[in-house]
Amino acid sequence: MAAAAAVAAKITAVWRQNFKREIFRLDAALFRFPVVSFDTEFPGFFRNTPMDATDLTRYEDLKHNVDPLRLIQFGITVADASGKIGGTWEFNLRFDLSKDLFVSQSIQFLQDNGIDFDKLRRDGIDFDMFAQLLSRVVAKHRNLCWVTFHGLYDLSHTLRTVTNRPLPHSLAGFTSLLGIVFGDVVDIKYTARFCQGLRGGELGLAAIAKILNVERVGGAHQAGSDSLLTARVYTKMRMVYKIDGTLCVGCLYGVSARICKPIAVPNTNGRCFIPYFSTPAPFQRCIPPHCSGFMQAAPTFSHVL
């Protein structure tokens, strides 16, 4: 029981009262733990996208869904290259159901999974303060690897937050801006497509964790717990499948356009650090990687679907 409690304590709940202390702790940790797994909770989708939608339609729906809404939770876990965890934080943002936009079904889903909207209204972090300080942290640390699971919307909401602007009008502009702000991005749902035994990536995070014998700490659909599980699954996938971490960088599950990391030159104008583009970022498409470590047989695990 004591060991379990020690593990659970790794998820730090952050509210208005301890926000500044914890954002500075996160900032300090990133100097030693540059692999950043993150997850968000947000208030829903105004428009559902068909499975067979084109990239153009998918991005139009994405922008329609993200631009008017605010984050509810931001979870982040930092690790080093070996997978050692340096900390997990769950930032709880002020959200007022009487004022902020939301989709009713999504709010009910989050409430059913333990999110307390009364506490968010009373004790949540001021959104503008969170956005400003998070953007400073992102600006300072330019050599991070951002890891997500099925992260198109997580990245979009985070980008919307740290830049304090609507998403770009085009998919090419969107992927270019992601490259400017975040640099290296890995979506492990996309990577799982090339790992034998993970069913072509058509599994949820919890299902992949079960196959790989990775245990969850905390509750599902809580941003801190999901970010920690993402970090542990990523480490286990790299170990089991001998993944070359560079092959899937910039590829997101759900769109074919690839995030392109530019050569960064500091520019202090504006709210978020925006490096100077010496040339326009190319519009690249993701193609399946070729690596002997991929598509090898998965080992026998005690938990399978």
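This is a predicted model: local features need pLDDT of at least 70, side-chain atom pairs count only at pLDDT 80 or more; totals for chains, interfaces and linings use all residues.
Me: Which residues line the largest cavity?
Reply: V35, S37, A79, D80, G83, A231, Y234, T235 and R238 do. Numbering starts from 1 along each chain as its sequence is written, and side-chain values use heavy atoms, leaving out hydrogens and water.

Me: Which element gives the largest share of that lining?
Reply: That is α11, with four residues. Both α11 (223-241) and β2 (35-41) supply at least two. Helices (H or I, at least four residues) and strands (E, at least two) are DSSP runs, numbered from the N terminus.

Me: How much space lies in the largest cavity?
Reply: About 40 Å³. The structure has two cavities of 30 Å³ or more.

Me: What makes α2 roughly parallel to α6?
Reply: Helix α2 (residues 19-29) packs against helix α6 (residues 127-140) at about 15°, with the axes 10 Å apart. Angles under 35 degrees count as roughly parallel, so α2 and α6 get that label.

Me: Which residues make the contact?
Reply: On α2, F19, K20, I23 and D27; on α6, M129, F130, L133, V137 and K140. Contact means heavy atoms within 4.5 Å.

Key: On a 1 Å grid over the protein atoms alone, a cavity is a set of points where a 1.4 Å probe fits but cannot get out, and a pocket is an open set with protein on both sides within 12 Å along at least five of seven lines; lining residues have an atom within 4 Å of a point. Grid points are joined across faces, edges and corners, and a volume is the space filled by probe spheres set on the points. Axes are lines fitted to C-alpha atoms, for helices over the stretch in contact, and angles run from 0 to 180 degrees between N-to-C directions. Angles under 35 degrees count as roughly parallel, over 145 as roughly antiparallel, 65 to 115 as roughly perpendicular and the rest as oblique.
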